[in-house]
Structures are given as C-alpha cells and as structure tokens.
Amino acid sequence: MPDLVTSVARRMLDIPREDWDALAAPAGTPLLSWGFLALLEESGSIRPETGWKAAHVLLRDGKTGRPAAAAPFYVRGDSWGEFVFDQGFARAAERAGYPWYPKLSGVVPVTPAPAWRVLTAAGGDGPDAATQTGRLLDAAEGLAREGGLAGVHVLWPEEAAAGLLQARPGWTAWEHQAFLWTDEGYGDFRGWLDSFSKNMRRNVLRERAALAASGVRTRIVGAREAAADPGILALMADLYEAHNDRFGPWAARFLTRDFFLRLPEFLPEGWILGRADRGGHTVGLSFLFEGRDRLYGRYYGASEDIPFLHFDLCYYLPVEYALARGIRSFDPGMGGEHKARRGFRSYTTPSFHRPIARPVARFLEGILPDLGREEAAAAAALNGDLPYKE
C-alpha cells in the first residue's frame, strides 16, 4: 500500500467531484455522493451557523495526491440533526467535569439511515478496504486528539462499516431501533399484499380505494422529470416547510429552500418524488433517495389533510415502485409505530462512540449494552404488529 498522507477538507467544494465519486461509487447510495454532501453545504443547510463544521477526512497517495480513502466528518458543538440522542450523556459527562463537546462525528448529516462508511479505493469489502478504513479511523482519532475534541463518534454506519468498528478497541456500540422493508420475492405489489393476513390486506386495499375515491391520483416522478418542472421542487420546499411548521420546536426542519431548488444542479439523479394530484392541482409530495439496492424515504408534505395520503405517498407507492424496479429494500425513516402494521420490520442498528476521556469511555461501556438490549426488546415488540401471515 502506498504512503498515505492525512488531509482535512473544510468543504466538499475543496475536493474534486470526480475523485470523491470514484471512491463513493461502490457504496451505491446517493447519500454518500459528492453531489448530496456538497448540496447540503452549498444550500446553507449544513454550515457552522447551524452547528456543522465540515472536517472531511481523506487519506491521499503521497506521490499522486489522489485520495485513497475518504469519509464525511463534522465538528459538532451539539447533537441536533444526528438522530442519535446523546444529550443526556453530554450532561452527565459535563456534570462529572468532562467535556462531551466539541466532538467529531462521522455521519451523513440529518439522515437517520444506516449509510455512512469510509469510502476506499479498494471498494467496500476485502482486506485492503478494511486496512484503509482502519487507517482513516486512526487518522480521525488523531485529528480529534490534536484538535482538543472530546471524542469521535460514528453514527448510522452501514453494515460492513459497523462490523469493522465493532472490532476496534476503545469504541463502544449503542443499538438504535429502525425500520426496513425487504423484498422477499413478492413479485409485485399484489404479491406483497398476498403475504399479509386477510384483515391487514383488506385494510391496505380499503385505504388505497378511499384515497382514489376522494379524487386523488398518485404516481412517482423521476428526478429528470422533476428537474424539467421547477415549480414542483419549489412546491416540495413549500410543503416541507409547512409540514415542519406543524410540529413547532419539535420539528425536524434542517433543509433550506435552496436545497430543493438546487437539486438538479448538484444531484441530477438518485432521488424521486411521490406526487399526489387532485382536480388538476398537486396536493401532496414525498421525497425519496434512490440507491442501487435501497430506497430511502425522507420528506413529506401536503396542502390538504387528506385521509390515507401520507400512507400512500410514503409507504405503499414507494413499495410498489421498488418492486417494479427490482430495488431490494426500502428504509421509510425513523419513528411511527404505524410502520410495523404496514409491513416494515423493526431491527436495531448501531452507532459507535470513542470518548477521549477514559472515565467517560468506561461509563459508556457500562451503560450502552443495557440500552442496546432495551432497544432490541422494543424492536421485537414492534414486530408483534407486523401484518404478515404466520
């Protein structure tokens, strides 16, 4: 392996797009693409004023300067938008005289979906990729220590990255409940419903029929079609803002209007819209990312309170689309016990934590396994509501 030199980029624009995306291609997800990460920054969604200071870690070939490994990292002074709720640990550490912030977080910002990984020239698997991943994580730990940061945290890693982190000494795992739909060979939407119990299948058909009877028609709009109609992205921004306004201080409103309006500029593909029309007007939209093997449900909004519209745009229509396109899985997003009743299995996925202060690390080592078991029990309870036949 060539000599590798550590560098830190303070914004994605400082990294050539082709270099980053050459490393990101094997991941097969737009969530790690240069376009998405740069759009978050350049739209003003992710910036120091909102608590995110980019500190993307790269290992460069000492001779050519080309990146051999890279990963998105951010220096954080809080945890808002990470969806790993460690604020209680921060208070406990600070009461004991130890800092929790500022911290270095490896995470896809404002996206609670297991996707983060170290991007390597060796791809996603194999011993070379594992070696490059380990070296980059070593570099991140070193940068945190040199910069006086309180710790390094990796949040929402994908499965292979989680396996590598699990084996690293000094890192403690914390399990979190999440939802996932997986194609078990259903063939099409009707085949999926046929795997439901009779009553649950009837409920879904009744919901979709009631929505159609109200005059609403839903369909998927691809990225290129949406880009050709700028009004629909402006409407998505309007509905995103209005939907979050309903939740007041508990809203998960992170994206600026520019994020939606500049999507075609930074990310010409890798996303879709679920669109609902009635009487010649668009009354609802959902926004999803589309990876090689997975859909990611992200944002929703409607101009009218229409029964069952949310379920169709955010669950049924994307499942139908995934089955038609041969996409193997669909992450519908966090929260909502109603997801289990609509066929989304609950499972746990880890985050990993490496406080610099040894007493804080020992505290986490003592408490996080118990919290993980509680999350696993909660996931199992949610799966008791799954609609599938015994």
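Biologist: Where is the place of Thr 218?
Modeller: Keep in mind that this is a predicted model. Leaving aside neighbours within four places in sequence, Thr 218 is in contact with several residues, among them Arg 275, Leu 309 and Asp 312. As for its own element, that is strand β10, residues 217-222.

Biologist: Is Thr 218 buried, exposed or partly exposed?
Modeller: Buried needs under 20% relative accessible area, and exposed needs over 50%. Thr 218 comes out at 24% relative accessibility, so it counts as partly exposed.

Biologist: What about Ser 33, is it buried or exposed?
Modeller: Ser 33 is found in the loop between α1 (17-24) and α2. Not counting residues up to four places away in sequence, Ser 33 touches Trp 20, Asp 21 and Leu 267. Its relative accessible area is 12%, and the cut-off is under 20%, so Ser 33 is buried.

Biologist: Moving on to the aromatics, how do the rings of Phe 36 and Phe 259 pair?
Modeller: The structure holds 28 aromatic pairs. In the pair of Phe 36 and Phe 259, the ring centres are 6.2 Å apart and the planes are at 85°. Planes over 60 degrees apart are called edge-to-face, so this pair is edge-to-face.

Biologist: How many residues apart in sequence are the parts that Phe 36 and Phe 259 tie together?
Modeller: Both Phe 36 and Phe 259 are buried. Phe 36 lies in helix α2 (residues 34-42) and Phe 259 in helix α10 (residues 257-261), so the pair ties together parts whose separation in sequence is 223 residues.

Biologist: Which helix holds Tyr 316, the partner of Phe 189?
Modeller: The rings of Phe 189 and Tyr 316 have centres 6.4 Å apart and planes at 70°, so that pair is edge-to-face. Both residues are buried. The pair links distant parts of the chain, 127 residues apart, with Phe 189 in helix α6 (residues 189-193) and Tyr 316 in helix α12 (residues 309-325).

Biologist: Which residues have the most contacts inside the largest nonpolar core?
Modeller: In soluble globular proteins, nonpolar side chains tend to be buried together. The largest nonpolar core here has 90 residues. Trp 271 touches Leu 263, Phe 287 and Phe 289, among others, not counting residues up to four places away in sequence. Those with the most contacts inside the core are Phe 260 and Trp 271.

Biologist: Which ring does the charged end of Arg 76 sit over?
Modeller: There are a couple of arginines to look at here. Arg 342 lies over the face of Phe 311, at 3.7 Å from the ring centre. For Arg 76, the charged end sits 3.7 Å from the centre of the ring of Trp 52.

Biologist: Last one: where in α14 does the kink lie?
Modeller: Helix α14 (residues 358-382) has 25 residues and reaches 36 Å from its first C-alpha to its last. Among its buried residues are Val 360, Leu 364 and Leu 368, and what covers the buried ones includes α3 (87-95) and β9 (172-182). The kink is about 30° and comes shortly before the proline Pro 369, at Ile 367.

Note on methods:
Residues are numbered from 1 along each chain as its sequence is written. This is a predicted model: local features need pLDDT of at least 70, side-chain atom pairs count only at pLDDT 80 or more; totals for chains, interfaces and linings use all residues. Side-chain values use heavy atoms; hydrogens and water are left out. Rings of Phe, Tyr and Trp (its six-membered ring) pair if their centres lie within 6.5 Å; planes under 30 degrees apart count as stacked, over 60 as edge-to-face and the rest as tilted. Helices (H or I, at least four residues) and strands (E, at least two) are DSSP runs, numbered from the N terminus. Buried means under 20% relative accessible area, exposed over 50%, partly exposed in between (1.4 Å probe, protein chains only). A charge sits over a ring if NZ of Lys or CZ of Arg is within 6 Å of the ring centre and within 35 degrees of the ring normal. The expected span of a helix is 1.5 Å times one less than its number of residues. The bend at a residue is the angle between axes fitted to the seven residues ending there and the seven starting there. Contact means heavy atoms within 4.5 Å. A nonpolar core is a set of buried Ala, Val, Leu, Ile, Met, Phe, Trp, Tyr and Cys residues joined through side-chain atoms within 4.5 Å.
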